[in-house]
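Hi there,

Please open it first, then read on.

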Amino acid sequence: MSHMNFRCLEISRWVVCGLIGFLTGLIACFIDIAVEELAGIKYQVVKKNIENFTEVGGLSISLLLWAVLNSAIVMVGGIIVAFFEPIAAGSGIPQIKCYLNGVKIPRVVRLKTLVVKVAGVICSVVGGLAVGKEGPMIHSGAVVAAGVSQGRSTSLKRDFKIFEYFRRDTEKRDFVSAGAAAGVSAAFGAPVGGVLFALEEGASFWNQMLTWRIFFASMISTFTLNIFLSVYNKNPGDLSNPGLINFGRFPVDGVAYNFYEIPLFIAMGAIGGLLGALFNILNYWLTIFRIRYVHRPCLQVMEAMLVAAVTATVSFTMIYFSNDCQPLGPEDKKEYPLQLFCADGEYNSMATTFFNTPERSVHSLFHNQPGTYNPLTLGLFTLTYFFLACWTYGLAVSAGVFIPSLLIGAAWGRLCGFLLAAITTPAPLWADPGKYALIGAAAQLGGIVRMTLSLTVIMVEATGNVTYGLPIMLVLMTSKIVGDYFVEGLYDIHIKLQSIPFLHWEAPATSHWLTAREVMSSPVTCLNRIEKVGTIVDTLSNTSTNHNGFPVVVQVSGSDEPEKLCGLILRSQLIVLLKHKVFVELARSRLTHRKLQLKDFRDAYPRFPPIQSIHVSQDERECMMDLTEFMNATPYTVPQETSLPRVFKLFRALGLRHLVVVDDENRVVGLVTRKDLARYHIGKHGLEELQLAQT
């Protein structure tokens, strides 16, 4: 390629990142508007029904209506996920973390997955489950990035003949990083937080230009969402909706904190770590139960409907028995205040938390005036929502855990603020419950997902106030340290339960005494530099050894020494060679035979045909294939005595999938794969429980 071609390629990368940001912002806008409209209709219908039956009696009919509506909507979301695309279940963040880590998870970035994800998350939130729509946005952005960057859709069988250079793993993974960052940016209105999320949670490879492109995609994403939501809210040009979740602005003069409050914040961080660890442990055992007993799609849909009905029943019961009545102010007109048994001009305070979308509930806990909730309301809400959210995460529906975590933390954080104000009578000016709701929300979310750097910036950007940067950082660090003492983060637990060979930033602390010899797989299936076609077909067809990389060896002529390593070739490359019948005999007999080009490999990417679909006749099996010009002639190799941490760093930094182990004379003695390394990442639960879960 010429210098000008390289410049054009760099411009293409910026164009792709801009498209990723724009489309991710549009999807976020569609989800937000759909949820607002559908949830508004549902809550208005239920509210009208409750108001009618409050006067004449028979509120059990209102409960039945609420439960049936929730179950019906969630049933739709559950069916499309369980029966059509199971990989779209959950938030998708663990899967995207693994993809960026270098693990190719089937179907994770397909168009069908995106459609099911978007429709599923709308049904989950409108269906009243204890979920958020922010987590799935990260998965949605990643799918958009994977599709746009390839310039074609394999699902729709359309090739636009653009961006062909990007049809390879390294380029695609960089763009998926940008898509994940754009998803965070659209969800929270936090473009810098999105960049840091991609850095902290995902990408193995990083450089300065990649940082700029990811930041550009994040800014375009939040700007696109802002523009379209301003038009939807009938305020064109008013860019005050940067993300799906709007924490509201915390005024600088109204949320000051004192130096002696910092120990209180750190204590709240410890509480968040403990509650987060409890949440993760309960969800871990619940997930094992689901793996064993709730694995059929029909059972998964029925469980989702049961959770929806129970959520509606618990919410209604809490509201029914609550006598926490508050005066109805003018600021409450946009929500769905329920009067129930309160006097005229008053509303049921419990209803502002349960009878609402989770995002609105978070906003009200942050900004409602002191005295809006009594401590019993906050305590009961924290307790019930904690267990509902724990039960909900892991269902066969598209759902995120960010907002439920924030909501639980905001409730007990506000309770802490109330108790502090009650103890110090008269209440000091700094005992603002909204401030403690924010700190509690950060502590709870940090205790569950264990993110520190990116989450600090996301919270600061979402609140629009840098004043609380230090307390939020201290709280998140404390919650992570306390939580990690008991159990791993929620995403890491689910990655481990799915048996995905995920590699963390550092090698296990106890691995320094292990060497490559002790972790490698052997004996290794090798191919000769000039190999018989029948041998290659049999090797690829062998289901017991579903390898993806094959060392290529050569016999030194006129000697009895074992074969020495001369290269490495991939399964996908061999399949393309077989498909195009690149055989030595055919090349000699056909002078006009077209030479295989790099484009042929790119056109087959990423869905290389299975070996069973390639027909090789009996005569062709006797032909020979020369792998010299197609193999990687300089693969990464390590000696047998290389320490495991060094092997680990090579995998992590270079994004390798296999590493050849050689002896002193460059003979192949073994092959280290990601699975070999992942075996040594056994968490607190131990390998036995993990194997138990899989059986």
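In what follows, Lys and Arg count as positive and Asp and Glu as negative, while His and the chain ends are not counted. On that basis the chain carries 58 positive and 53 negative charges, and their mean positions are 6 Å apart. Please keep in mind that this is a predicted model.

Now for the overall picture. The chain has 27 helices and 12 strands. Its C-alpha trace spans about 100 × 55 × 50 Å along the principal axes. A compact globule of 695 residues would have a radius of gyration near 26 Å, and the 28 Å of this chain agrees with that. Buried residues make up 55% of the 695. Of the contacts with a separation of 6 or more, 77% are between residues 24 or more positions apart. The chain exposes about 30000 Å², with carbon and sulfur atoms supplying 63% of it.

The charged side chains also pair up: the count comes to 22 salt bridges. Here are three of them.

- Glu-10 forms a salt bridge with Arg-213, with the closest N and O atoms 2.9 Å apart. This pair links helix α1 (residues 3–56) with helix α8 (residues 208–232), across 203 residues. Glu-10 is partly exposed at 24% relative accessible area, whereas Arg-213 is buried at 7%.
- Lys-97 and Asp-492 meet at 3.3 Å, N to O, in another salt bridge. Lys-97 is in helix α3 (residues 93–101) and Asp-492 in helix α18 (residues 490–497), 395 residues apart. Both Lys-97 and Asp-492 are buried.
- Glu-620 and Lys-581 form a salt bridge as well, at 3.4 Å, N to O. Glu-620 lies in helix α24 (residues 618–621) and Lys-581 in the loop between α21 and α22, so the pair ties together parts 39 residues apart in sequence. Glu-620 counts as buried, at 17% relative accessibility, and Lys-581 is partly exposed, at 22%.

There is a network to look at, too: salt bridges that share partners join Glu-10, Arg-13, Arg-168, Glu-171 and Arg-213.

Finally, two single residues. Trp-391 sits in helix α13 (residues 375–392) and is partly exposed, at 25% relative accessible area. Beyond its neighbours within four places in sequence, Trp-391 is in contact with residues including Leu-286, Arg-290 and Glu-303. Ile-288, in helix α9 (residues 262–293), has a relative accessible area of 2%; it is buried because that value is under 20%.

Enjoy exploring!

Note on methods. Residues numbered from 1 in each chain as written. Predicted model: local features only at pLDDT ≥ 70, side-chain atom pairs only at ≥ 80, totals over all residues. Heavy atoms only, no water. Helix = DSSP H or I, 4+ residues; strand = E, 2+ residues; numbered from the N terminus. Buried < 20%, exposed > 50% of the residue type's maximum accessible area, 1.4 Å probe, protein only. Contact = heavy atoms within 4.5 Å. Rg over C-alpha atoms; globule rule 2.2 N^0.38 Å. Areas by Shrake-Rupley, 256 points an atom, 1.4 Å probe, with all protein chains shown as cover. Charge placed at Lys NZ, Arg CZ, Asp CG, Glu CD. Salt bridge = Lys/Arg side-chain N within 4 Å of Asp/Glu carboxyl O.
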